Amino acid sequence: MRRPIVAGNWKMHGSRAFVSELLAGIKEGVTACEGVEVIVCPPFVYLDQAASLLEGARVALGAQNLCQVSGQGAYTGEISCDMLRDMGAGHVIVGHSERRNIYGESDALVAEKAIVAAAAGLTPILCVGELLEERESGQTEQVVGRQLDALLQREEGAAALEKSVIAYEPVWAIGTGRTATPEQAQEVHAYIRQRLAQISQNLADGARILYGGSVKPGNAAELFGMADIDGGLIGGASLKAGDFLAICRAAAS
Ligand code: PGA
């Protein structure tokens with residue numbers, strides 16, 4: 001039995017006041033989400049504040065990105081895995097489609113980031129997913145397979161994947177209100193698991209694969225009810241405590 005995960009990706013949203021209010025709401029309601037691993041991923045600058053507010057709460061902290069170079073150095077504007085750990089983060093989102101598409105992160109760079117994060121003891125939340133035109137031209141599996149292969153082609157790749165959570169996020173469903181149907185999502189999740197089984201059956205059986213893309217309180221239970229969907233990566237709906245908690249409860253039941 002895989003333990004479900006619900007992770008909130010706050011993206012570039014928040015302020016000190018907003019973080020306090022949102023986390024107070026989440027802390028209050030999270031006790032009703034027994035058995036679910038709940039994670040919030042605020043912007044870097046609020047990690048420290050969030051870590052203090054979450055002390056003793058059953059909510060883990062994650063970041064949204066990291067530098068592919070560990071240690072310290074001349075990398076203006078970047079944040080290292082060690083800094084994230086120092087701030088109390090245990091997870092980090094890697095290869096979100098906004099990083100891939102707006103900031104040009106390649107499959108190889110994403111793989112490097114996942115390897116560096118895993119080696120530092122962070123749990124990478126590795127995002128994969130196809131663009132609308134790729135789905136429409138029947139290339140979904142090819143694209144998702146290529147994104148996973150970038151990691152598997154690396155010597156340290158399988159070890160990094162073992163420590164990772166995978167998030168399938170069809171790009172056309174992110175922030176659009178257009179969710180993949182549970183069947184569409186399940187199909188790709190099963191494909192990902194089958195791909196992992198080529199490395200090891202244990203890896204495939206244990207891997208937690210989240211769905212992301214317009215998950216809301218109204219559609220979460222149906223999505224999470226599918227055999228290979230182990231929870232969700234939530235954008236917009238993670239910014240409202242009530243919605244986020246309703247999604248967490250859907251994962252618990
Ligand atoms: P959304 O975002 O829930 O707002 O669609 C999901 C994500 O980008 O992780």
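Helices are DSSP runs of H or I with at least four residues, strands are runs of E with at least two, and both are numbered from the N terminus.

**Setting up.** I am working with a predicted model, where local features need pLDDT of at least 70, side-chain atom pairs count only at pLDDT 80 or more, and totals for chains, interfaces and linings use all residues. Residues are numbered from 1 along each chain as its sequence is written, and side-chain values use heavy atoms, with hydrogens and water left out.

**Entry 1, helix H4.** I looked up Ser97 and found it in helix H4, residues 97–102. Is Ser97 buried or exposed? Ser97 is buried, with a relative accessible area of 10%; buried means under 20%, exposed over 50%, and partly exposed in between, with a 1.4 Å probe and protein chains only. Setting aside neighbours within four places in sequence, I see Ser97 in contact with Ile102, Val171 and Ile174 (contact means heavy atoms within 4.5 Å).

Next I went to Lys113, which sits in helix H5, residues 107–119. Lys113 counts as buried because its relative accessibility is 3%. Residues up to four places away in sequence aside, Lys113 touches Asn65, Leu66, Gln68, Val94 and Glu105.

How many residues surround the ligand? I noted 13, the closest being Lys11, His96, Glu169, Gly175 and Ser214 (a residue is near if one of its heavy atoms lies within 4 Å). I then checked distances from ligand oxygen atoms to N or O atoms of the protein. For the side chain of Lys11 the distance is 2.7 Å, and for the side chain of His96 it is 2.6 Å. Gly235 uses a backbone N or O atom, 2.9 Å from an oxygen atom of the ligand. The protein covers 97% of the 280 Å² of accessible area that the ligand has on its own (Shrake-Rupley method, 1.4 Å probe).

I finished with strand S6, residues 165–168, which is covered on both faces. Val165 and Ala167 are buried on one side, and Ile166 and Tyr168 are buried on the other. Which strands pair with S6? Strand S5, residues 123–128, pairs with S6 in the parallel sense over four bridges, and Cys127 stands opposite Ala167. Strand S7, residues 209–212, also runs parallel to S6, joined by three bridges, and here Ile166 stands opposite Ile209. Pairing requires that DSSP finds at least two bridges between the strands.

Technical notes
A polar contact is a pair of N or O atoms within 3.5 Å; within protein, one must be able to donate a hydrogen and the other to accept it, and residues adjacent in sequence count only if both atoms are side-chain atoms.
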